[in-house]
Amino acid sequence: MRTSLYPAVDELERRARALVRAAPGLLRLEKVGQSRAGRPLWLLSAGHADRHILAVAGAHANEPVGGASALRLAALFAGRPELLERLGCAWHFLLCLDPDGAHLAHGWQPEEPEPSLTECHRGFYRPAFARQPESLPLPPGEPLPESATLVRILDELRPLAQFTLHGIEFGGAFVMMTRTVPGVADAFRRTAARLRIPVDRHPVDGPDWRLDPPGVLVLPDGHGAGERDPSGFVAESTWFHPRRHGTVTTLIETPAWAVPSVSDARPVTDPDRAAARLGEVLLGRSRELAAVLGTRLDGAVPEELAPLRDAARELLGVAPSIVDSWAAEEPGLFRGYFATRGISARRIPLRVAAMASRALARTDPRTVEILDDLVREWSQELEKTYDLRWVPVAAQTGLHVRTMLDTARLLCDRR
């Protein structure tokens, strides 16, 4: 049977059970909760110890690489249990935090070595902000059941480290940490270099975080538990929740397609002009989409496709505030800064077009045809503008696995 490069949710469970059968004294699989639609949340655990480490995969529906990374590290522990003994920690892998979103997003499987960016977006889905389970609502809001499960696990385990495994479609690698762990940044950069994955010198994520260039963002001392996303959505995150237990959370982001220019440290001759061009791209394509869609997303959409409609509508609506947030930043002076933001300016409308096309697939074939043409045109423009290079899935998961092991080792050595 062919093993998918990016395992679907059901395949994650099957492969986890196969690992447990092969190493029954070391590995175990437990249902720890269920999603809004009643799908199980599975926790795969390795080893027995008083100290714990948690890795969370599948927090974003469009990022299936995390589940593959979790299975790879669990299989490594099964084959080399001395690694667990050396670290002195039990490891736990939440195989997919958002199985409902993953089911709606799944369908694209890369055929290495030449996968298609256009085909990647045919099945694209990323939930609206309030439906992303790493976000916790401000009181008195009720957390999603997936979020509540993760919070409960964090409170029960009180882990030394929480890793959250992410994978963007195209760009550069970076990490975000809720506190500095000496040695982690350098180890991450060395791993990325060995795997030939460019490091994003100045990511767009975490605008309030302290940049340790290249590619490392650290939560500043005294930072509150909440953060205002450029979208305007305010949430307390499951990244911050376990700080009360002394846990350090590390988000590891790896791209499916690498963009070498995000690492470019050469100076830009006219940063103000370069910044203005970013806004023109995002707002211009947003206006084009608004003209194509009109009020079509307000019409009847099948219930199972409504999340696609809601996410597309929200993302299109927040585009002006994202441009405003870029304008409020002190412009970067190097090419990598503008490459990263240029990618984001193109990624947002591409996602909107892809999700709107899927939402209208059964009700408005003419509009779908126009949107599909935009997905193809914008994907090709991205490939040409940024010289996209496919990162083999083994390298994507390798960055996750090596960074987790290095971080855990450095944390355990200090305890």
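## Contact between helix 8 and helix 9

In this predicted model, L278, G279, L282, L283, S286, L289, A290 and L293 of helix 8 come into contact with L316, A319, P320, I322, V323 and W326 of helix 9.

Helix 8, which covers residues 271–293, and helix 9, which covers residues 306–328, pack at an angle of about 170°, and their axes lie 10 Å apart. Because angles over 145 degrees count as roughly antiparallel, helix 8 and helix 9 are described as roughly antiparallel to each other.

Within helix 1, the residues V9, E11, L12, A16, L19 and V20 are buried. The elements against which the buried residues of helix 1 pack are strand 1 (27–34), strand 2 (40–46), helix 2 (65–79) and helix 4 (99–105).

## T118 in helix 5

T118 is located in helix 5, which spans residues 117–122. The relative accessibility of T118 is 12%, and T118 therefore counts as buried, the cut-off for buried being under 20%. When neighbours within four places in sequence are left aside, T118 is in contact with V375, R376 and S379.

Definitions and conventions:
Residues are numbered from 1 along each chain as its sequence is written. This is a predicted model: local features need pLDDT of at least 70, side-chain atom pairs count only at pLDDT 80 or more; totals for chains, interfaces and linings use all residues. Side-chain values use heavy atoms; hydrogens and water are left out. Axes are lines fitted to C-alpha atoms, for helices over the stretch in contact, and angles run from 0 to 180 degrees between N-to-C directions. Helices (H or I, at least four residues) and strands (E, at least two) are DSSP runs, numbered from the N terminus. Angles under 35 degrees count as roughly parallel, over 145 as roughly antiparallel, 65 to 115 as roughly perpendicular and the rest as oblique. Contact means heavy atoms within 4.5 Å. Buried means under 20% relative accessible area, exposed over 50%, partly exposed in between (1.4 Å probe, protein chains only).
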